[in-house]
Amino acid sequence: MIFESTLVTGRLVKRYKRFLADVILDETGEVVTAHCANSGSMMGLCEEGIRVWLSRSDNPKRKLKYSWELLEIDGAMVGINTSRPNRLVEEALETNLITQLSGYKSLRREVKYGKNSRIDILLEDLAGQSVYVEVKNVTLARSSAVSEFPDSITARGAKHLAELCDMIDQGHRSAMVYLIQRDDCDIVTIARDIDPKYGQAFDLAREKGVEFYALQCSITPQSIKAEKVGAVRF
């Protein structure tokens, strides 16, 4: 995924109300408010003064012209925009990066299923067999090379795992793909201390037969790419 335009650099002042961040632009010194498309806590990623990259939109209908895309912390590049992962995983599937999910003839996004939900990606073949693929963005890392999900309590995440189990009961395959959107980690594990209920839902889904995969990204101010398969630590 190549960014549509050149990103703007700056330094973080603060993140607040989850979806807003004030940033001092490097070029002008101006303080702007950027949209932060991330509903998680962003634990460990919001230190004042860290270097950040913003995209800019010239759409006159947008209230905020800037969106927070990337940051650099402790030498690691991290992608925090949660509107990006589905596209990144779609690109990875189209290049057969996850071999267990290759060979399907059709890929559709945001298909209705479950209880008032939409599956991130639905893979289908000509015989009518389907794989329901849910995508989660992973940015938390509290130890070297190991990322963790979730970074805050997520009842919605547990619900998605339950719905993947329901698809298995209906005779389909189900998969969870954890996109590690930071370039210093290739392992993802479950942050059970942060959300024990998600940990329980994960264990039940694994017993049911939900498949779990991890993808590590290469990240630059020009592009983000799911580059290699990582490991899910149970």
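## Strand β13 and its neighbours

Strands β13 and β16 (residues 231-233) run parallel and are joined by three bridges; strands here are DSSP runs of E with at least two residues, numbered from the N terminus. In this pairing, threonine 189 sits opposite arginine 233 of β16. Strand β13 also pairs with β11 (residues 145-149), again in the parallel sense, over five bridges, where pairing takes at least two DSSP bridges between the strands. There, serine 147 faces valine 188 of β13.

How much of β13 is buried? Five of the six residues in this strand (185-190) are, buried being under 20% relative accessible area, exposed over 50% and partly exposed in between, with a 1.4 Å probe and protein chains only.

## About the model

This is a predicted model: local features need pLDDT of at least 70, side-chain atom pairs count only at pLDDT 80 or more, and totals for chains, interfaces and linings use all residues. Residues are numbered from 1 along each chain as its sequence is written, and side-chain values use heavy atoms, leaving out hydrogens and water.

Most residues other than glycine have a negative phi, and most peptide bonds are trans. Phenylalanine 149 and proline 150, though, are joined by a cis peptide bond, with omega about -5°.

Methionine 42 has a positive phi, near 55°, and is buried at 1% relative accessible area. Glutamate 110 also has a phi near 55°, but is partly exposed at 36%; this glutamate belongs to strand β7 (residues 106-113).

Notes
Helices (H or I, at least four residues) and strands (E, at least two) are DSSP runs, numbered from the N terminus.
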